[in-house]
Amino acid sequence: TVSKVEEAEVSQQLIKTGNLIPFKEANITATTAGRVTNVNFELGSQVSKGSVLVQIDNKLKELSLEATQLTINKLKKDVDRYNTLLAGNATTELQVNEVKYNYENAVNQAEQIKKQLQDANVKSPISGRIIKKDIEAGEYINVGAVLGTVLDVARLKVDVQVNESDVYQLRLGQPVRISSDVFPGQALSGKISYIAPQGTVEHNYPVEITVNNPNGLKAGTFVNVDFSQKSNQKALQIPRAALVESLKNPYVYVVNNNAAQQRVIKIGRELGDKIEVLSGLSAGETVVITGQLNLSEGKPVQITK
């Protein structure tokens with residue numbers, strides 16, 4: 001007996017596998033040079049966005065700001081005095097403008113020093129947990145030095161590849177179920193946060209799912225993503241009974257001009273009582289599903305209806 005090789009829809013739930021990745025990851029980076037006076041974090045510390053993690057010696061800058069502020073106060077009095085003299089024609093407008101220029105330049109210099117003082121307090125770029133520490137008090141650092149890394153795992157992401165025939169069923173914000181062998185029987189809720197507008201050369205589309213993490217799952221954990229819908233993907237299929245030997249050595253007999261031809265095939269997924277065929281057969285060909293043990297290459301066959 002025989003069966004036709006058919007291309008049919010895969011009657012399976014749309015489930016993809018992937019690894020959890022951090023929702024956010026950021027380096028703690030110095031924006032000014034100097035000697036480190038305090039380091040306010042350790043490996044594993046939980047930090048909030050904007051909290052001061054590293055303090056750099058800024059005593060000279062503080063003294064410079066004080067001196068500049070004194071200059072500003074003096075120049076402000078000079079501006080007022082010269083404006084009074086100009087009103088009585090006791091000075092020239094050129095002298096007034098020069099004093100104003102010196103005053104505004106001093107104010108600008110003070111703002112620059114204040115910014116440098118702010119930069120001396122290196123703050124956390126995001127909320128999360130410290131996973132890398134590259135600084136100790138007493139070290140001298142340069143601008144751009146990476147002092148550590150913060151990882152946000154309060155939420156996680158999963159990146160999966162979805163076939164072209166299935167991706168058009170998906171939408172942004174669509175809820176999905178996330179399961180892991182680490183927590184059997186428990187499911188996390190997630191939402192589709194990104195669908196790529198362009199596919200790969202294999203016609204797969206990257207899809208990103210954002211997952212809340214109440215169970216404290218770690219980045220890198222292997223998970224299954226269940227989109228809670230049937231897959232529309234089509235696949236070339238044959239009955240499992242057509243295989244002459246095991247899945248490890250897959251080949252079938254094809255009937256061609258009433259003679260048996262042995263055909264080595266490459267198989268994919270097991271689809272119930274059918275097998276997905278990746279290569280070696282074409283749709284419409286006829287494969288033998290019973291009586292293979294009596295066949296050999298080129299042997300005449302008679303099909304039993």
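## An open sheet

Four strands form an open sheet in the order S7-S6-S4-S9, and their pairing is antiparallel. Strands here are DSSP runs of E with at least two residues, numbered from the N terminus, and two of them pair if DSSP finds at least two bridges between them. The edges are strand S7 (121-123) and strand S9 (140-141), each of which pairs on one side only.

Within this sheet, strand S4 (residues 34-39) and strand S6 (residues 52-56) run antiparallel and are joined by 3 bridges.

## About the model

This is a predicted model, in which local features need pLDDT of at least 70 and side-chain atom pairs pLDDT 80 or more, while totals for chains, interfaces and linings use all residues. Residues are numbered from 1 along each chain as its sequence is written, and side-chain values use heavy atoms, without hydrogens or water.

## The whole chain

Overall, the chain has 3 helices and 20 strands, with helices being DSSP runs of H or I of at least four residues. Its radius of gyration, taken over C-alpha atoms, is 36 Å, well over the 19 Å that the globule rule gives for 305 residues, so the chain is more spread out than a compact globule. That rule is 2.2 Å times the number of residues to the power 0.38. Along the principal axes, the C-alpha atoms fill a box of roughly 125 × 45 × 30 Å.

## Contacts

Among contacts (heavy atoms within 4.5 Å) between residues at least 6 apart in sequence, 73% join residues at least 24 apart.
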